[in-house]
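Q: I would like to learn how to read salt bridges in a structure. Could we work through some cases?

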Amino acid sequence: MSFPVGLARVLEPAGVLPQAAWRLDARPEIGADEVRIRLERLNLDAASFRQLSGKHGGDGAAVRAEVLEIIGTRGKMHNPVTGSGGMLIGVVDEVGPRSPLPVKGGDRVATLVSLTLTPLAVTDGLAGWDGRSEQVPAAGHAILFGRSVVAVLPDDLAPELALAVFDVCGAPALTDRVVRGHAAAGPVSVAVLGGAGKSGSLALTAARLAGARTVGVVVSDAERDALQAAGLADDVAVADARDPLAVSSAVVAALGAPATVTVVCVDVPGCEHGAILATAAGGTVVFFSMATSFPAAALGAEGLAADVTMLIGNGYVPGHAAFALDVVRRTPAVRALFEARIAAH
C-alpha cells in the first residue's frame with residue numbers, strides 16, 4: 001500500500017514522517033503524487049518569530065540569517081527551539097499525475113500544512129525581507145504531498161490578508177465545534193487568552209457567532225482598548241496569561257464564574273495553569289499556542305484536581321479555511337484588526 005505522506009523526502013532519521021524528521025530532501029523534481037509550488041511569501045508562526053526576534057534582540061539581519069540557516073540545513077522551516085514553522089503562498093508550478101490535490105498549474109495557493117513538514121528551498125537569500133515581520137517575501141520552491149492540504153487564494157482578499165487568516169484558520173473552526181458541543185448542556189461562556197491576536201480574535205468571533213458569551217484576556221491596556229473598540233468580545237480583561245491567579249480572577253470577574261471553554265492563543269510559554277484554573281469543572285481548554293508545554297498542562301490539571309478536557313489545537317478541521325474566510329467576511333472588525341496588524345509590520 002502506498003501512503004502519500006512524503007516518506008521519500010525524509011533524509012534523516014530514517015523511518016519517521018516529514019514533520020518528525022531532522023532533514024528533508026527539497027529537490028525540485030517531483031514524484032507522481034507531489035506538487036511543486038513557486039514561492040512568493042512565507043508566514044512564520046508567531047511563536048517561532050517571537051523566539052527568533054527575542055534571541056537576536058530584534059536584529060532583523062540576524063533573524064534573516066538564522067531562518068536561512070534553518071531552511072538550508074533542514075530542507076524545511078522548522079524552528080528547533082519552538083518546534084514550529086508557519087505556512088506559505090505561491091504559484092503551482094507542476095502537478096504530479098497521481099496527485100489528489102485540487103490544484104492545477106498557475107493556481108495561486110496557500111498551503112494549509114506546516115512548514116515543519118514541507119520540503120523547502122530558498123533561492124534569493126530572502127533579500128526582500130528585513131527580518132522584522134512574520135511575513136517573508138521569498139523566492140524558491142516548496143513540495144506538497146498527496147496528504148497535504150492546500151487552498152486556492154480568494155479573489156476578494158489581498159494575498160497578505162488571506163495568508164494571515166489561513167495561518168490560524170484551525171482556531172475558529174475548532175472553537176465553533178467545541179462551543180456547539182457544550183451548547184447542548186446549556187449556555188456556554190468562552191475565555192480567549194490572547195484575544196487581540198490573529199487566532200484569538202478569530203476564536204472570539206467564532207464563539208460569539210456560535211452563541212457563547214465571551215471574554216478576551218489581553219496583556220496590556222493598548223490591546224484592551226483595541227479589542228473593546230473592535231467590539232469582538234462581550235468583556236475584555238487585562239491579565240498576564242502566565243499568572244494563573246490573575247487569569248482566573250479576571251475571567252471569573254468578567255463572566256461571574258469560570259469559563260465553559262478556555263482557548264489559549266498566547267505565543268509565550270507558561271500559560272497552561274491559568275487556563276486550567278479559569279475553566280469550569282466539565283469544561284474544555286483548547287491550546288492553540290505552539291509555546292504550550294503539554295506535560296505542564298497535564299500535570300498541572302492533575303495537581304489542581306481539575307476535571308477539564310484539554311485539546312491540542314489541531315490546525316486541521318474539515319472546512320477550516322472556508323470557515324475562517326467566512327468569519328472575516330462577515331465581521332468587518334476582525335478584518336480591520338488583521339489589516340492593521342499587516343500594515344504595522
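Q: Which side chains meet in a salt bridge at 3.1 Å, N to O?

A: Side chains of opposite charge can pair when their charged atoms come close. The term salt bridge here means a side-chain nitrogen of Lys or Arg within 4 Å of a carboxyl oxygen of Asp or Glu. In this case arginine 208 and aspartate 234 form the pair. Arginine 208 belongs to helix 5 (residues 198-209), and aspartate 234 to the loop between helix 6 (221-230) and strand 12 (235-238), so the bridge links parts of the chain 26 residues apart. Helices (H or I, at least four residues) and strands (E, at least two) are DSSP runs, numbered from the N terminus.

The model is predicted: local features need pLDDT of at least 70, side-chain atom pairs count only at pLDDT 80 or more, and totals for chains, interfaces and linings use all residues. Residues are numbered from 1 along each chain as its sequence is written, and side-chain values use heavy atoms, leaving out hydrogens and water.

Q: Is arginine 208 buried, partly exposed or exposed?

A: Buried means under 20% relative accessible area, exposed over 50%, and partly exposed in between (1.4 Å probe, protein chains only). Arginine 208, with 32%, is partly exposed, and aspartate 234, with 38%, is partly exposed too.

Q: How far apart in helix 11 are arginine 335 and glutamate 339?

A: They are four residues apart in helix 11 (residues 332-344), which means a separation of about one helical turn.

Q: How many salt bridges does the rule count?

A: The count is 23.
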